[in-house]
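Please read the sequence and the structure side by side. The report below is meant to be followed with both in view.

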Amino acid sequence: ILPLALLLIVFTTKTYLDQNVSPQKIGFRSRTHQQEEYVDRNGIKVVVGHYIGPSVKKLPNASRDMINANDFAPVRGAGKDGRPVVIQPKDLLKMQQLFQINRFNLLASDRIPLNRSLPDVRRKKCRYLYEDYDTYPSSSVIIVFHNEAWSTLFRTVWSVINRSPRELLKEIILVDDASEREFLKTPLDEYVKSLPVTTKVIRNSKRVGLVKARLQGAARSFGEVLVFLDAHCECTRGWLESLLARIKQDRKTVVCPVIDIINDDSFAYVKSFELHWGALNWNLQFRWYTLGGRELKKRKMDTTEPFFTPTMAGGLFAVDREYFQEIGSYDEEMRIWGGENLELSFRIWQCGGKIEIVPCSHVGHLFRKSSPYTFPGGITKTLYSNLARVALVWMDEWAEFYFKFNENARNVRADQNVSSRLELRKRLKCKNFEWYLDNVWTQHFFPKKDRFFGRIKNLEEDLCLIKPLGKLNSNQPTGIAKLNECLKHDMIIEMFVMTKEGFVVTDDSICLDAPEKETDGVKTVRIMACNWANRQKWKYNEKTKEFIHVSNNLCLDVAPSKKYEDGLVITKCMNTDTQKWILEAVPWT
Ligand code: LR7
Ligand code: MN
């Protein structure tokens with residue numbers, strides 16, 4: 001069986017952890033797969049990496065009948081106001097069987113009414129900002145799905161119907177990407193006839209992937225704005241008006257709601273952090289980072305104002321219908337799943353548009369830990385080919401960087417014909433990737449001509465600084481900076497960038513950090529989320545080979561114990577060998 005290696009971003013807010021809203025702690029979803037998990041400086045738990053789904057052997061199988069049946073059986077009050085659903089111990093076996101089908105708690109979902117209530121999670125001010133909504137452009141909501149559960153699909157649909165001003169909602173378009181389940185065929189056609197909003201159904205007999213499916217929906221739409229949603233979302237009050245208002249002001253702005261979390265175990269609706277924005281990492285995985293420093297201050301003025309984001313998550317956004325066509329909609333060669341969100345993001349920014357997150361718009365998305373469906377052709381022919389296309393079309397010399405460190409993409413590079421997309425780039429007179437890095441994602445941590453990229457080696461023992469892999473202590477936002485035997489091949493885990501400002505950054509916006517003031521007599525050096533503050537500024541002295549922590553004027557050193565576990569410290573500069581470092585540049589193009 002092919003492991004479903006999926007890029008997976010699950011984030012859980014602090015409130016979620018505090019409230020402990022998941023009532024049933026079930027042991028069957030082990031998290032020991034190849035993924036990293038840490039709590040960032042805002043107390044947000046981040047899980048990222050290649051997740052290989054739960055060991056199938058251990059889970060009871062769902063029968064074919066279970067897979068094909070629609071067991072939606074709402075229980076009054078279940079999941080009310082976004083609260084979690086509690087499953088009784090007697091139902092646990094069935095729950096586990098059903099969980100497998102969609103990789104979320106289908107039993108819980110099937111108990112929640114399609115029109116459940118949700119909290120109004122917006123800031124108070126949002127309620128009064130969009131009262132002139134009858135002047136806004138109209139919209140078509142496009143939902144593509146492949147083998148979605150009935151309850152999640154139609155809770156998405158009903159949340160749209162119930163929480164969108166009817167004047168602004170022209171139609172809903174459901175695009176079926178060759179689902180196999182019986183209940184999604186005739187029963188669905190019959191059901192949509194009863195909906196109070198015009199609902200079109202587009203069918204595919206062969207799997208086309210989400211990009212083509214969305215394009216089919218767009219081609220059949222009449223609204224002035226296209227609004228895309230995944231098939232397992234729940235929209236809260238005001239979600240649509242605030243998106244449309246922004247597009248009305250500027251038709252070249254593509255807008256995203258704040259994406260809240262629908263818990264995959266309990267179906268609790270969990271408000272997420274409003275200050276997240278999207279970017280990516282060295283593997284071209286979408287990642288959330290947090291608005292920091294200067295930007296935050298700017299925003300403090302008005303927390304309801306839309307703010308820029310370098311990339312979008314991909315599933316939930318609104319765009320002017322004509323503008324979407326003008327900038328080249330999607331790359332139709334992208335198959336099944338993945339990469340299209342980065343491609344669209346780079347294209348919008350580089351070709352004269354903008355992407356923003358609208359804090360007054362909140363939509364919940366059901367986050368899963370693994371993907372339930374097949375990737376025809378395997379993930380190299382789908383995901384990695386898509387990512388190779390993103391790099392080849394939009395990333396200029398940084399494409400070389402991506403291919404150098406990502407073998408999977410490198411292997412499919414030659415198969416890609418991207419000439420029509422390169423023509424589009426030329427025709428639209430798009431700016432280059434360097435411009436994007438310098439102007440849109442200023443806090444990026446990619447290599448560049450003006451900064452160091454490579455290994456940081458200790459002279460005494462010929463050991464390399466590494467980014468701690470795997471689990472960092474999940475209660476603490478940090479891991480101790482450690483040395484490791486230098487690897488023969490160029491591996492991301494020992495690659496660092498040192499910026500002109502003196503930040504020592506590695507993948508996922510992780511920085512070399514030391515306290516500005518002494519804590520308990522020791523100054524342990526840590527690797528933690530970049531906050532671009534003085535405590536993360538360093539200076540390298542070419543002559544003495546010392547690595548100096550700027551605010552303390554102390555030198556980077558091996559812990560006095562010299563024990564591996566004790567990691568690195570900063571201490572008085574004495575020019576000993578353990579305080580000498582070599583910056584070994586690694587070519588990246
Ligand atoms: O072959 C397929 N055909 C489909 O129609 C595969 C998927 N789909 C449908 C599927 O039923 C779903 O409605 O496409 C939609 C997205 O698929 P998901 O839910 O498996 O994707 P995801 O939520 O895991 O992944 C995110 O990244 C994807 C990359 O291609 C898409 O851009 C998703 O829309 C996107 N989801 C979000 O942005 C929601 C917020 C996630 C975050 C952060
Ligand atoms: Mn999704």
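The model is predicted.

**The manganese site**

The manganese ion (ligand 2) has three kinds of entry on its protein donor list: Asp230 through OD, His232 through NE2 and His365 through NE2, lying 2.2 Å from the ion. Along the chain these donors of the manganese ion (ligand 2) have the spacing D-x1-H-x132-H. Asp230 belongs to the loop between strand E7 (225-229) and strand E8 (233-235), while His365 belongs to strand E15 (residues 354-366), so this pair ties together parts that are 135 residues apart in sequence. His365 has a relative accessible area of 13% and is buried; the limit for that word is under 20%.

**The site of ligand 1**

Ligand 1 sits in the largest cavity. There are 26 residues around ligand 1, and those that come nearest are Asp177, Asp230, Gly338, Glu340 and Tyr373.

How much of ligand 1 does the protein bury? Taken alone, ligand 1 exposes 810 Å², and the protein buries 93% of that.

Strand E4 (139-145), helix H8 (209-219) and strand E12 (286-290) are the elements that give two or more residues to the shell around ligand 1. H8 gives the most, with three residues.

**Helix H8**

Is H8 mostly covered or mostly uncovered? H8 is mostly covered, since eight of its eleven residues are buried. The buried residues are Gly209, Leu210, Val211, Ala213, Arg214, Leu215, Gly217 and Ala218.

Two pairs of residues can be located by their C-alpha atoms. Pro137 is in the loop between helix H5 (126-129) and E4. Its relative accessibility is 11%, so Pro137 counts as buried. The C-alpha atoms of Pro137 and Asp320 are separated by 8.8 Å, although the two residues are 183 residues apart along the chain.

Ala69 is in the loop between helix H2 (64-68) and helix H3 (92-102). With a relative accessible area of 32%, Ala69 is partly exposed. Ala69 and Ala149 are 80 residues apart along the chain, and their C-alpha atoms are separated by 9.6 Å.

**Positive phi angles**

Which value does phi of Ile336 take? Phi of Ile336 is near 55°, a positive value in a residue other than glycine. Ile336 is in the loop between helix H11 (321-326) and helix H12 (340-350), and at 11% relative accessibility Ile336 counts as buried.

Trp532 also has phi near 55°, again a positive value in a residue other than glycine. Trp532 lies in the loop between strand E23 (526-529) and strand E24 (538-540). Trp532 has a relative accessible area of 23% and is partly exposed.

Methods: Residues numbered from 1 in each chain as written. Chains lettered and ligands numbered in written order. Predicted model: local features only at pLDDT ≥ 70, side-chain atom pairs only at ≥ 80, totals over all residues. Heavy atoms only, no water. Donors = N, O, S within 2.8 Å, 3.2 Å for Na, K, Ca; no water. Helix = DSSP H or I, 4+ residues; strand = E, 2+ residues; numbered from the N terminus. Buried < 20%, exposed > 50% of the residue type's maximum accessible area, 1.4 Å probe, protein only. Near = heavy atom within 4 Å. Areas by Shrake-Rupley, 256 points an atom, 1.4 Å probe, with all protein chains shown as cover. 1 Å grid on protein atoms, 1.4 Å probe; cavity = no way out; pocket = protein on both sides within 12 Å on 5 of 7 lines; lining within 4 Å. Sits in = over half its atoms within 2 Å of the grid points.
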